[in-house]
Amino acid sequence: MSVAEQVRALIAKQLEVEEGKVVPEASLVDDLGADSLDAVELVMAIEEEFGLEIPDEEAEQLQRVGEVIQYVERRVPSQIPATGRVSGVGTHSQAEESSD
């Protein structure tokens, strides 16, 4: 599943709309009915799903589905799984530490 598909599915789930309505030109507020709480929850879900931190100033600029997709695509390498976590990164075993 591509990043764009993952973002679209996440938006549809968070806003409880049909995925077919989640098209790049759709406005999160006007077309998909998001309110300010929905927007905050959507940003939090995206951050968790993709392992990102989205500053409030940047989140406020994301008005359309396509903008959200582009934002995430620019910040997430394509090889990172949908969980946003790369296995092995930031972890090490004691065996690696004590290489006598």
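Helices here are DSSP runs of H or I with at least four residues, numbered, like the strands (E, at least two), from the N terminus. The model is a predicted one, in which local features need pLDDT of at least 70 and side-chain atom pairs count only at pLDDT 80 or more, while totals for chains, interfaces and linings use all residues. Residues are numbered from 1 along each chain as its sequence is written, and side-chain values use heavy atoms, with hydrogens and water left out.

Select residues 36-50 to begin: this is helix 2, whose 15 residues reach 21 Å from the first C-alpha to the last, close to the 21 Å expected at 1.5 Å a residue (the expected span being 1.5 Å times one less than the number of residues).

Now colour Leu42, Val43, Ala45, Ile46 and Phe50, the buried residues of helix 2 (buried means under 20% relative accessible area, exposed over 50%, partly exposed in between, with a 1.4 Å probe and protein chains only). These residues pack against helix 1 (3-15), helix 3 (56-59) and helix 4 (65-75), contact meaning heavy atoms within 4.5 Å. Turning to the other side of helix 2, select Ser36, Leu37 and Glu48, which are exposed.
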